[in-house]
Amino acid sequence: MQSDMRYPQRIVSLEPSVTATLLALGQRARLVAVSKHDARLVGEEAIAGLPRVPCTWSVRADDLLPLEPDLVIGSVPMREKSVSELLKAGLNLLLLYPTTLESIFDNIRLLAALTDARAAGERIITDMHATFARLREQTHRHPRLRVFMEVWSHPLMNGPAWHVDVLDILNADFVPAGPDRRLEEQEVLEADPEVIVVVWPGVDAPPLEKVYARKGWENVTAIREGRVVTIPEIWINAPGPNLAQGAEQLAQALRP
């Protein structure tokens, strides 16, 4: 028991992906609070009874101090003001900044090391690799697709770098090139995606009819052929073990 005290005993998770990773690592007992958004990813039952706090973007020190955490784990997006306040309050803060799929594996390994669960972390990553290998084999029998991952409409934005990696596994190109940025409409029109995947954060049922009705988009292949689709966004937008299942859902949406 003495050696176990080297690891954090009271963790607050500020992001669904962090909570999903800690649960997959078998570390629910260390959680003393989770973010208000986590049930959308992990299910209410998995975090029943745990206090809910704001996410990294809007959390305040007053939300966390009564919980007496020895580690607070958050992720992007984050605001300097929020981060500064937590640090000034003397809270131990770990902020993850995942970009590529490989960096997500690194984050899983980091959380596994912090909770004395390295073997469980490697099992999670091995299972994810197995799912991705199976999907790669299945999808590479088909022609490659041009896919636009729309994560917001006003302003128009595309997905993060791990979307690029997942699409490559699924034999598809991320268009327009250059992830995690604001786009001009003309970029999408010139890229002419064959499928548009609408995954707006926090929106469970995005109105696809509004995408079809956009002025000037009628000649985009995805619009013309009726291939504007959606999946439960948090499975592909949250950078955690859930990405394996998110990739399966995306594969089905791209080639039903």
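**View 1. Contacts of L25 in the predicted model.** Leaving aside neighbours within four places in sequence, L25 is in contact with I108, L111, A112, T115, A117, A120, G121 and I124. The structure shown here and in the other views is a predicted model.

**View 2. Position and burial of L25.** L25 sits in the loop that lies between α1 and β2, the latter spanning 31–35. The residue counts as buried because its relative accessibility is 5%, and buried means under 20%.

**View 3. L25 and S58.** In sequence, 33 residues separate L25 from S58. In space, their C-alpha atoms are 26 Å apart.

View 4. One cavity of 30 Å³ or more is present in the structure. The largest cavity holds about 80 Å³ of space. Its lining is made up of S17, V18, T21, S75, L96, P98, I104, N107, I108, L111, P239 and G240.

View 5. With four residues, α5 supplies the largest share of the lining of the largest cavity. By residue type, the lining comprises seven nonpolar and five polar residues, and no charged ones.

View 6. I108 and L111 are among the residues lining the largest cavity. I108 and L111 are also among the residues in contact with L25.

Technical notes:
Residues numbered from 1 in each chain as written. Predicted model: local features only at pLDDT ≥ 70, side-chain atom pairs only at ≥ 80, totals over all residues. Heavy atoms only, no water. 1 Å grid on protein atoms, 1.4 Å probe; cavity = no way out; pocket = protein on both sides within 12 Å on 5 of 7 lines; lining within 4 Å. Points joined across faces, edges and corners; volume = space filled by probe spheres on them. Helix = DSSP H or I, 4+ residues; strand = E, 2+ residues; numbered from the N terminus. Nonpolar A, V, L, I, M, F, W, Y, C, P; charged D, E, K, R; others polar. Buried < 20%, exposed > 50% of the residue type's maximum accessible area, 1.4 Å probe, protein only. Contact = heavy atoms within 4.5 Å.
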